[in-house]
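User: I want to learn how to read features in a structure like this one. Please take me through a few, with the cut-offs.

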Amino acid sequence: MDDRTRGKPGSWRLGVLGAITVLVVTACGGAATTSAPPASAAPPASEAPASAPASEAPASAGAGGTVTVGFISPTTGFVAALGTDMKRGWDLYWELNGNTAGGVTVETVYEDDAGDPEVALTKARRLVEEVGVDMTAGPILANTAYAVADYVGGQGVPSFHISGADDLTQRQFNPLVLRVGYTSSQSNFPAGKWAFDQGYKEAVTICPDYGFGWESCGGFVSGFTGAGGTIKEQIWHPLGTQDFGTYVTQAQAAAPDVVFIGSAGGPDAILFWESWTSFGMGETPLVGNCCFADQVLLRDQGEAANGIISFSYWTEGADSAEVKKFVEEYESRYDEIPSLYAAGSYLMAQVIAGALEATGGQVDGENFVKAAQGLTFDDSVYGPISFDDTNNIVGGVNREHVEARADGKFWNVVDETIPDVSQFWTYGKDAFLANPVFSRDFTSQ
Amino acid sequence: MTADRTRTVAIVAALAVAVAAPFVLPTYLVTLLSLVFIAALLASSIDLLAGQGGLLSIGHAGIAASAAYAIAWGTTESLALPIQLGLALVVTLVVSAVYALTTMRTRGIVFLMITLALGIVVYGLALKLSTITGGQNGLTGIDRPEVLASSSAFYLLTVAAFVLAVVFRAVLARSSFGLVLRGIRESESRMSSLGYSVTRAKFLAVMLSGLLAGLAGVLIVWQAEFISPNVASFNRSAMAVVMVILGGTGTLLGPLIGAGVVVGTEHWLSSYVERWPTLLGLVFIAVVLFAPGGVVGAFSRWRHGAVRDRQHAEPGTRAALPSLLEDQGLAGGVDGRPSEPQ
Amino acid sequence: MSLEFLALQVLNGLTFAALLFLVASGFTLVFGVMRIVNLAHGALYLLGGAIGISVAAVTGSWVLGVVAAGISVGLVGLFSERLLLHRVRGRELPEVLLTVGIALVIADLILAVFGGNPRSADPPPPLVGGTPVGPVTYPTYRLFVIGFAIAVGVILFVVQQRTRIGAVLRAGVDDREMVSAMGIDVDRVFAGMFLVGSVLAGTAGMIAAGLLTIRPGADTEILLFALVVVIVGGLGSIGGAALGSVLIGLIDAFSRVWLPELSYFAVFAPMAIILVLRPAGLFGKSTS
C-alpha cells in the first residue's frame, strides 16, 4: 500500500466491509424470494443440492406425486429481458392452474443460463444429474437451445423449447425434443407470399448475419420468390449492431417496393426503428417478422411504431378468449403487456400440462413427448394449433399491425390469419429437408 | 528442510484430494470441478506470460478457441483421434505464432491491445466461417474419445493437464529462460544491451503460453461436447485475466484459486443466488482491498507473518507511456516470493 | 454510388465517431491522462443512460434527464474513486480487478432496479426530424450529437492545454512529488478530474440513449470501443482521441457498406495494424 494511505485510520475498512456484508446478505436474501414462483403451493424452487450422488441414468418417471421441470432461461446477460418474460409466462400458467396436471404436482427448478451455451450446459447438467428433473423447458437463444437439446436428449430426458432455431425440428430432429413454437422461417413464408400478392415485385431484406437471421430472411425470400417476386438486395448486419443508419440508407438507395425486416427483437428492433424513422423511411412499405413489433419494442417505442405491419404467431390484441385471459392476468401482475417470450412459455406450460393429463402423470422419455405431440388445441395463445411429426407446431400465422389500445398503450391486432402453416410451408417435408438449412446465400426459391 | 517437507506433504495431500474427488462427489460436481481445472489451465497460460514476462494478454481465449474448433471440425469430419490432435497442435502453433509475431516487439498496454484485437478477430472468424464452425449456432455432438466418456475419467485428465501446466511453469521459472523473461520484464533495454534477443524471447514465451492455451481449448470442447463462438469471446479472455489477478499473478496456484472463485460463482453459485454478478463483483472488490497481492499473496503473507514488500513503483518515476505491469503489481516469481535461486 | 449515398455514410460515420468520442473523452481523461485503468467506465455510461431515461420519463424533460445522468454518475464515480480506487492508485492489476468488480456490481444493480428491457430516450422536440445538410437531409438529433461532441472536445482540449488546472494535472501525472512539494494537493486535483470523467461518461450515456439502446451488455461493448479509440489516438491526447474516434467511426460506417464480410474485424484490425506499426498510437508520445 502507498505510504501516504497507510497512515489513514483503518475504520474505512470496517465501513466497506459492513457495506459489502449488507449487499451480500441482500443478494443472497433475494435468492430465496425471487426464485420461487409467486404464490406457489410447492416448496421453494432453489433448494440445497441433493446429498445423494446422482446417477447418470435417464430421469425416471415421476409417477404419482411430483413431476419436476428444469426451467432454463437467460435472466442475466444481454437478453435478460427475454429471460424474465419467459419466467413470468411460465409461472403464470402454473399459478392459474394450481401447479397440478394429470394428477401430479408440478414443481419447477429455475436456472439462469446468462445467454451462454457453456453455462446453459452446466445448468442442464445440474438439473438432470443432481436435481433429477423429469424434463427441461427452455432456453431461448439458438446456440444454448441446440446445446441443451443435444445433452438432455442424450440423457434420455424430454426437453421442450420455444427457441425458433430451425434445425431443432428439422435436420437435428430428436424424438425427445419438442418445440412449442414456430421455426424462425415458418411465419415468414406467408409474409413473403402476402407481400407479392400486394403487388410488390422487388424486395430488399434486412436480417442479422447469423442463423436466426438467415432462417428468418430465408422464409420470406422463399415465400416471396416462390410467388413470383425478386429480391433486389439482401442486407446483412452483424450481431450487436448499434447503429442501423448504414443499413437503412442502403435500403433507401436500393429503392425497392417493399422492405422485409427479420429482427431478432429487443434492442435490435428498437435501434432499427430509430434509424428507419429518423431517415424518413416511413413511406416505404415495411414488413416485419415475428419478433420485430413485439412488445419488447412497443414498450419503448410504442407511439413511434404505430402502424407497423408484421407477421407473427403471437398477437397480444387478438380477439380470442385464451389471449384475452392471458393478457389480462399477466398485465394485472406485471403492469406490462406480455411479449411473445412470455406467451410462448405460457403455452409451453400448457402443452406439458396437457401431456401430463394424457399420460396420467407419467413421464417416460419418448412416450411423454409423443403424448405432447398428439395434442391439439382449438384455441390457445397462438390460436388453434397442433404438432407435426417432427415435433413442431402447425398453426396459424397472423398478419397484424400496431395500434393504440383504449388506455393509450400500444399493441398488435390481427388483420388476417393464415391457418395451418407448417415449418415446411407448401413444399412438403422431404423436399424441404433435401435442401440445406437457410444460409445467407439463399436468394431465390 | 522441514519447510520443504511440509510443502511436499501439502502438495501430495492436495493431489490426493483432487484425485479422490470423483469417487466421493456426485457427477455434477465432478463436471463442475473439471470446468474449474480447465479454466485454471487457461489462466495459467496467461500467467506464464504475465507472471514471468510482465506481458498481459487479454485475447488468449482466441488461441484456446482455435484449438477447440480444430478438434470440433476434425470430429465432424470423422478424422482419427491422433490426426485431430495433430491438427489441433498445428492450429495452435499457427495462431500462437500470429499472436507472437504481432506482439513480440511490444509490451505493456500495446501488447494488451493487440492481443485484445486478435482475440476479437478469432471470434469474428468463428462467426463468419460458419460452414466450418457452425457460426453462431455452434456445433453439437463433438463426442469425447471413448476412454474419456465418463465424467470421472475426463475430470482426472483435466487435473493432470493442470498439474502439467504447474510443473511446466515451475520448471520454466527456474530455468535460465525464465530468468531471461524476468530480466526483460524488469528492463528490456538492459537485457538487449547484455546481448539477449528480446523479441526472440518474447516470441518463444508467447508460443509456450499458446501451447497451454491450446491444450485448454481441446479440453473445453471435449468437456461440453459442443462449441460456439462464445469460447473465443472477449468476456472469456477478460475473465481468465481476472482469475489470474484474483489468485495472484506470478503464483503457481493463483490461477486455480481464481478459476475456482469465478467458475464457481458463474456456474454453481448462480443456481442459488439470483444477483450472482453483484456477488462476484463484491468478491473482486474485497480481494483487492484486503488481499492486494491476490489470494495466494495474502495467504503467504499471513503464513509468513511479515509485511509484504512494497508492490508499487515510486510515484513520479512513471514512464510517459504507461507500460502496464512494467515496474509493479507482480508479486515476483514463483509462489509470490521475489525470484531468487531456490 | 451516388453523392447522396456517400454523404449519408460520411455523416453516419461522423455520428458514430461523435458518440465514441463522448464516451472516450471521459475515458481518455481518466485513463489517458491520469493513467487510471477504470474498466467500470462502460458501466458508468450505462448507469447514466438508465438514470437519465427514467428521470426524463418521470419529469417529461429530456434536459433534466441529461443533467441528472451527468450529476448522479459523477457522484458515483467520485465515491468509487475516493473510497476504492484511491487505495490502489498506481497499481494497474489491482485497478483492473477492482474496476471489473465495480462494473459487475453496477451493471447487475441496474438490471435489478431498471429491469432488462432495452430502453431508449426520445430526443426533445426541437431535435426531432431532419435537417438539410448539403445534398441530403440528415436526422437533426444526430447532427446535435456531432455538435455536442465537438463542443465537449474543444472545452476539454482548452482546459487541458491552456489552463492552470490542466497544467497541474499533466505535471501531477509526470511527477507527483514535485507537484505536491509545490503545495498543490494532487489528490484533490485527481479526484476532481475523475469526477469530470465520470460526469462525461454519464452524460454520454444519456445522449447515446437517444440513438442507441441502454441494455445489459451495452457497457462492455462501449468500453471496448472506448479502449480502441483511446489507444489508436494515443494516450494522453484529447486531439488524438478525437481523431481516433473519427477514424474508427468512418472505418466502421464504410466497412459495413463495402466490406460487410469483415464487419467484426473492421474496427479492431486497423487498430492492431496501427499498433504494430506505431505502438504509441497516432498522437501518443513515444517512450524514450
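User: How many of the residues of helix 4 of chain A are buried?

Analyst: A residue is buried if 20 or more other C-beta atoms lie within 10 Å of its own, exposed if 12 or fewer, and partly exposed in between, with C-beta atoms placed from the backbone. Helices (H or I, at least four residues) and strands (E, at least two) are DSSP runs, numbered from the N terminus. In helix 4 of chain A, 15 of its 15 residues are buried. One caution on the source: this is a predicted model, where local features need pLDDT of at least 70, side-chain atom pairs count only at pLDDT 80 or more, and totals for chains, interfaces and linings use all residues. Residues are numbered from 1 along each chain as its sequence is written, while chains are lettered from A and ligands numbered from 1 in the order in which they are written.

User: What span does helix 4 of chain A reach, and what is expected?

Analyst: The expected span of a helix is 1.5 Å times one less than its number of residues. Helix 4 of chain A covers residues 117-131 and reaches 20 Å from its first C-alpha to its last, close to the expected 21 Å. Just after this helix, A:Gly132 has a positive phi of about 75 degrees.

User: What does the span test give for helix 8 of chain C?

Analyst: Agreement. Its 23 residues (186-208) should span 33 Å, and the end C-alpha atoms are 33 Å apart. Of those 23 residues, 17 are buried, so helix 8 of chain C is largely enclosed by the rest of the structure.

User: What is the strand order in the open sheet of chain A?

Analyst: Start with pairing: two strands pair if DSSP finds at least two bridges between them. The sheet of 6 strands has the order 2-3-1-4-5-6, with mixed pairing. Its edge strands are strand 2 (100-101) and strand 6 (177-179) of chain A, each pairing on one side only.

User: Which strands pair with strand 1 of chain A?

Analyst: Strand 3 of chain A pairs with strand 1 in the parallel sense over 8 bridges. There, A:Thr66 has A:Thr105 as its bridge partner. Strand 4 of chain A also runs parallel to strand 1, joined by 3 bridges. A:Gly70 stands opposite A:Thr136 in strand 4 of chain A. Strand 1 of chain A is mostly covered, with 7 of its 8 residues buried.

User: How many residues of domain 1 of chain A are in contact with domain 2 of chain A?

Analyst: Domain bounds come from an automatic or database domain assignment. Here that gives domain 1 (66-182 + 323-387) and domain 2 (186-312 + 396-434) of chain A. Two residues are in contact if their C-beta atoms, placed from the backbone, lie within 7 Å. By that test, 18 residues of domain 1 of chain A are in contact with 19 residues of domain 2 of chain A. The C-alpha centres of domain 1 and domain 2 of chain A lie 26 Å apart.
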